[in-house]
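Thanks for coming. I will go through one structure today, a few residues at a time, and I will stop for questions as I go.

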Amino acid sequence: MNQQSGLAPVDLSEATLSSLLDGIRQNKWHASQLLETCLGNIDRYDDPANQVYTARFDRTAKAEAAAIDALQKGKVPLGELAGLPIALKVLFDVAGEVTHSGSKWWTQQAQSDALIVSRLRRAGAVITGHTNMTEFAYSGLGLNPHYGTPVNPIAQGRICGGSSSGAAAAVAQGMAVAAIGSDTGGSVRIPATFCGLVGFKPSQQRIPREGVFRLSQSLDSIGPIARSVDCCDRLDAVMAGERWQKRTPADLRGRRFVVPANYMLDELSPGVAEAFARSLRKLRERGARIVEAPVPVLDTLPELLKGGGLTAAESYHVHRRWLQQHGEDYDPQIRQRMERGASISAADYLDLQHLRAEREKQAEEWLGAYDGLLAPTIAIEPPLLTELENDAEYARLNLLVLRNTTVANLLDLCAITLPNHQYGDLPSGLMLVGRNGSDMAVLGIAQAMEKALKL
């Protein structure tokens, strides 16, 4: 027992948002106590040389937690996220804070909260701070030369993945109970996978992006990283401006899923391949019907990535003047990728948009015959930090890490990753991809899969 408060201690190692909310509402612990646990973990585990948090909001967070405690004491009904310490990737505007998006030269303070931050606060969330990321979100590896690179909490010496590296590290180490990231090519799902967590990329139109430092207008999505599908479901509902309702997991019996025989199963590491095969066996034991078949639209996706594709064109549009003024202050890896956009003409860009629309239609028709696509979230386990010191290897691994997750962004689909590695193994993930707008169905199926995997 906590000697000062007389309340039970809070163990965040396996806590879900539901269990934490129940604890607050049943007076097992207070919001302030929950926050102090997270702040203590930040003090204990955050490395100043390789930051998880680039900014802590201790003063406002303590005020928010105290307000929840007062509401609870007064028996006032609490919001959907009342008292839960939530971390934000440092590309979401928070009033009075600098939304530097992982750069070292951006100093402009935000005048107001991003819309999703306002919604989180109205639901009672306690915002703990801004977390580290790849500069301007342009890599799946999570390296940052300005603030350091967070080290994977469950696989020492290896990367957390990116671009939402600090967001996943914060949740994995109990520095927050959940985090919000952005996903342009997998930047929520990659670090969630590498840190043994659940990450959800919704259909792009579902979550508003006002007040978010953009990378690619066409591809950016906003999603949660947490310990369970139910946790992600709660956060997604709040950010979408909907009322959350407890979901009954779907019945997997008779559900039809496709595993692509092409593209997404190429170059799998032995460990990832074994975890994926084991996951499929468990789902089949629960009655799922899983077929392996060629998916022609996947082989056409490299056309959309030529010369950097939409991300290079749209990021260069945002940064072209800043690159002239502050180019020397950019991470050279990021600057190089953005500057490819200079060679994409207006005609090329419009061709890309038309081609993408055709591929989206093909994907919609193809997925209509299934309840979803199943694939390894990432083809390999998290690389060692030392593997990324060579520029050529950095480029190769970045493309390989992003390959499977980018499918959902390019084709405007929704997707979720679940941890599927065994205890003691390097982390890997099982990804479920659904049609655009099928977010609720995907979350229900993912809950059933989570139960079937028994992790």
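Does Trp105 count as buried or exposed? Trp105 has a relative accessibility of 13%. The cut-off for buried is under 20%, so Trp105 counts as buried. Before I go on, please keep in mind that this is a predicted model.

Let me stay with Trp105 and turn to the aromatic rings. The structure holds nine aromatic pairs. In one of them, the ring centres of Trp105 and Phe136 are 6.3 Å apart, and the planes of the two rings stand at 50°. Why is this pair called tilted? Planes under 30 degrees apart would count as stacked and planes over 60 as edge-to-face, so at 50° the pair of Trp105 and Phe136 is tilted.

The two partners come from distant parts of the chain, 31 residues apart. Trp105 sits in the loop between strand S2 and helix H4, while Phe136 sits in the loop between strand S3 and helix H5. Phe136 also counts as buried, at 2% relative accessibility.

A second pair is made by Trp106 and Trp322. Here the ring centres are 4.9 Å apart, and because the planes are at 70°, the pair is edge-to-face. Trp106 is in the loop between S2 and H4, and Trp322 is in helix H11, 216 residues apart. Are these two residues buried or exposed? Trp106 is buried, with a relative accessible area of 18%. Trp322 has 23% and is partly exposed.

Ring pairs link Trp105, Trp106, Phe136, Phe213, Trp322 and Tyr330.

Arg44 lies over the face of Tyr45, at 5.8 Å from the ring centre. Arg403 lies over the face of Tyr263, and there the figure is 6.0 Å.

Now to the helices, starting with H11, which covers residues 309-326. Two packed helices are described by the angle between their axes and the distance between the axes. How do H11 and helix H13 pack? Their axes are 10 Å apart, at an angle of about 135°. Roughly perpendicular ends at 115 degrees and roughly antiparallel starts over 145, so H11 and H13 are oblique to each other. Their crossing is left-handed. On the H11 side the contact is made by Gly309, Leu310, Ala313 and Glu314, and on the H13 side by Tyr349, Leu352, Gln353 and Arg356.

H11 also packs against helix H12, residues 332-339. The axes of H11 and H12 come within 8 Å and cross at roughly 115°, and the two helices are therefore roughly perpendicular to each other. This crossing is left-handed. H11 contributes Ala312, Ser315, Tyr316, His319 and Leu323 to the contact, and H12 contributes Arg335, Arg337, Met338 and Glu339.

One more residue of H11 is Arg320. Arg320 counts as partly exposed, at 27% relative accessibility.

Leu219 brings us back to a loop, the one between strand S5 and strand S6. With a relative accessible area of 4%, Leu219 is buried. What does Leu219 touch, if residues up to four places away in sequence are not counted? The list is Asp183, Thr184, Gln204, Leu310, Thr311, Arg356, Asn409 and Leu410. The C-alpha atom of Leu219 is 20 Å from that of Gly372, which is 153 residues away along the chain.

Last, some backbone details. Where is there a cis peptide bond? One joins Gly162 and Ser163, with omega at about 10°. Ser163 is in the loop between S3 and H5.

Asn27 has a positive phi of about 60°, although Asn27 is not a glycine. Asn27 lies in the loop between helix H1 and helix H2, and is partly exposed with a relative accessible area of 42%. Ser101 is not a glycine either, and has a positive phi of about 55°. Ser101 lies in the loop between S2 and H4 and counts as buried, at 1% relative accessibility.

That is where I will stop. Thank you.

How values were computed. Residues are numbered from 1 along each chain as its sequence is written. This is a predicted model: local features need pLDDT of at least 70, side-chain atom pairs count only at pLDDT 80 or more; totals for chains, interfaces and linings use all residues. Side-chain values use heavy atoms; hydrogens and water are left out. Helices (H or I, at least four residues) and strands (E, at least two) are DSSP runs, numbered from the N terminus. Buried means under 20% relative accessible area, exposed over 50%, partly exposed in between (1.4 Å probe, protein chains only). Contact means heavy atoms within 4.5 Å. Rings of Phe, Tyr and Trp (its six-membered ring) pair if their centres lie within 6.5 Å; planes under 30 degrees apart count as stacked, over 60 as edge-to-face and the rest as tilted. A charge sits over a ring if NZ of Lys or CZ of Arg is within 6 Å of the ring centre and within 35 degrees of the ring normal. Axes are lines fitted to C-alpha atoms, for helices over the stretch in contact, and angles run from 0 to 180 degrees between N-to-C directions. Angles under 35 degrees count as roughly parallel, over 145 as roughly antiparallel, 65 to 115 as roughly perpendicular and the rest as oblique. A crossing is left-handed if the near helix is turned anticlockwise from the far one by less than a right angle, and right-handed if clockwise.
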